[in-house]
Amino acid sequence: MADPFPLPGSAEAAVAVPAPGSGVGWWAGSSHAALDEDGTYVIAYRVRTGEKGRGLNVVARSDDGERLTTVCTIEQERFGAQSLEKPSLVRTDEGRWRLYVCPAAPAPSKHWWIDVLEADDPADFAEAEARTVFPGDENTGVKDPLVQRTPDGGWRAWICCHPLDIPGEEDRMTTAYATSSDGLTWEWHGTVLSPRPGAWDSRGARLTAVLPDGRAAYDGRASKEENWFERIGLAQLTGDKPGELRQSNDDAAYDARYLDVLPLPGGGYRIYYEARLPDESHELRTELIPPR
């Protein structure tokens with residue numbers, strides 16, 4: 001019997017990063033965690049300060065995955081952006097670190113693009129040169145990547161795409177897939193996860209986690225009004241098309257968003273997710289899920 005998917009609520013939760021303030025838009029979350037060679041954690045996450053406030057990325061280290069020590073803060077100004085969203089953190093074969101970041105174009109544009117930073121140590125990301133790897137185009141904003149290494153030494157990425165063709169409707173979202181031999185130059189394979197008409201995820205489907213066995217988690221919502229109120233759903237790689245997924249749930253699996261799942265070498269998982277509080281602020285929570 002397969003292990004249950006490591007959803008929030010599987011173990012005791014701890015607050016890794018508290019909400020930075022009270023109310024809508026005061027958020028900590030949308031993280032991506034990785035293990036260093038010594039078994040310690042490196043975690044990158046987004047902090048937003050106010051509904052129309054700043055969005056920045058923070059990189060932290062931790063011995064236990066719960067108590068985080070900031071080593072680097074990446075500001076929106078260096079990209080000429082009005083905000084930064086979910087980052088993705090990956091190691092190269094040479095032992096260097098890469099951080100894929102998502103700047104937002106200044107208003108009134110709704111465009112997003114994805115840059116990569118590379119450094120020997122995550123603490124050096126703040127000074128690393130930025131290189132655009134997913135520019136998007138006039139019709140599509142791209143953001144919230146999940147970048148992974150493949151067993152054959154390659155790279156793969158699932159990218160959240162927002163169509164820009166209808167003003168005021170840019171919150172719609174699908175997930176596309178891309179592959180690369182070096183993590184810098186990418187081959188685009190198109191949409192691999194889409195909303196389902198009439199379902200709880202009919203407005204958008206944003207992939208956030210893929211396990212080695214092909215099980216996955218994504219964020220979905222049913223309406224424009226539910227923007228920022230996404231919930232977690234489950235999916236599975238189909239094996240029919242590169243990176244393609246099919247939803248495996250009729251209803252949302254958990255009321256949170258941006259689930260990040262880190263499989264641990266000895267079995268079990270460390271998960272992170274963005275949890276909404278009663279005042280509509282968000283905090284970053286984590287759970288250590290032991291092996292069965």
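Colleague: How many disulfides does the structure hold?
Modeller: The structure holds zero disulfides, where a disulfide is a pair of cysteine sulfur atoms within 2.5 Å. Please note that this is a predicted model, in which local features need pLDDT of at least 70 and side-chain atom pairs count only at pLDDT 80 or more, while totals for chains, interfaces and linings use all residues. Residues are numbered from 1 along each chain as its sequence is written, and side-chain values use heavy atoms, with hydrogens and water left out.

Colleague: Changing topic, how many helices and strands are in the protein chain?
Modeller: The protein chain has zero helices and 22 strands. Both are DSSP runs numbered from the N terminus: helices are H or I with at least four residues, and strands are E with at least two.

Colleague: What share of the residues is buried?
Modeller: Buried residues account for 54% of the 292 residues in the protein chain.

Colleague: How many aromatic pairs are there?
Modeller: The structure holds six aromatic pairs. Rings of Phe, Tyr and Trp (its six-membered ring) pair if their centres lie within 6.5 Å; planes under 30 degrees apart count as stacked, over 60 as edge-to-face and the rest as tilted. One of the pairs is Trp 27 with Trp 228: the ring centres are 5.2 Å apart and the planes stand at 75°, so this pair is edge-to-face.

Colleague: Where do those two residues lie?
Modeller: Trp 27 is in strand S2 (residues 27-35), and Trp 228 is in the loop between strand S17 (215-221) and strand S18 (231-237), so the pair ties together parts that are 201 residues apart in sequence.

Colleague: Are they buried or exposed, or partly exposed?
Modeller: Trp 27 counts as buried, at 1% relative accessibility, whereas Trp 228 counts as partly exposed, at 25%.

Colleague: What lies over the face of Trp 27?
Modeller: Arg 257 does, at 4.8 Å from the ring centre. A charge sits over a ring if NZ of Lys or CZ of Arg is within 6 Å of the ring centre and within 35 degrees of the ring normal. The charged end of Lys 143 likewise sits over the ring of Trp 112, 5.0 Å from its centre.

Colleague: Which residues form an aromatic cluster?
Modeller: Phe 134, Trp 186 and Trp 188 form one aromatic cluster.

Colleague: What stands opposite Trp 188?
Modeller: Ala 178 stands opposite Trp 188, which is in S15. S14 and strand S15 (residues 186-193) pair in the antiparallel sense over six bridges; two strands pair if DSSP finds at least two bridges between them.

Colleague: Which residue of that hairpin takes a positive phi?
Modeller: Gly 183 does, with a phi near 80°, in the hairpin of S14 and S15, which has five residues between the strands.

How values were computed: Buried < 20%, exposed > 50% of the residue type's maximum accessible area, 1.4 Å probe, protein only.
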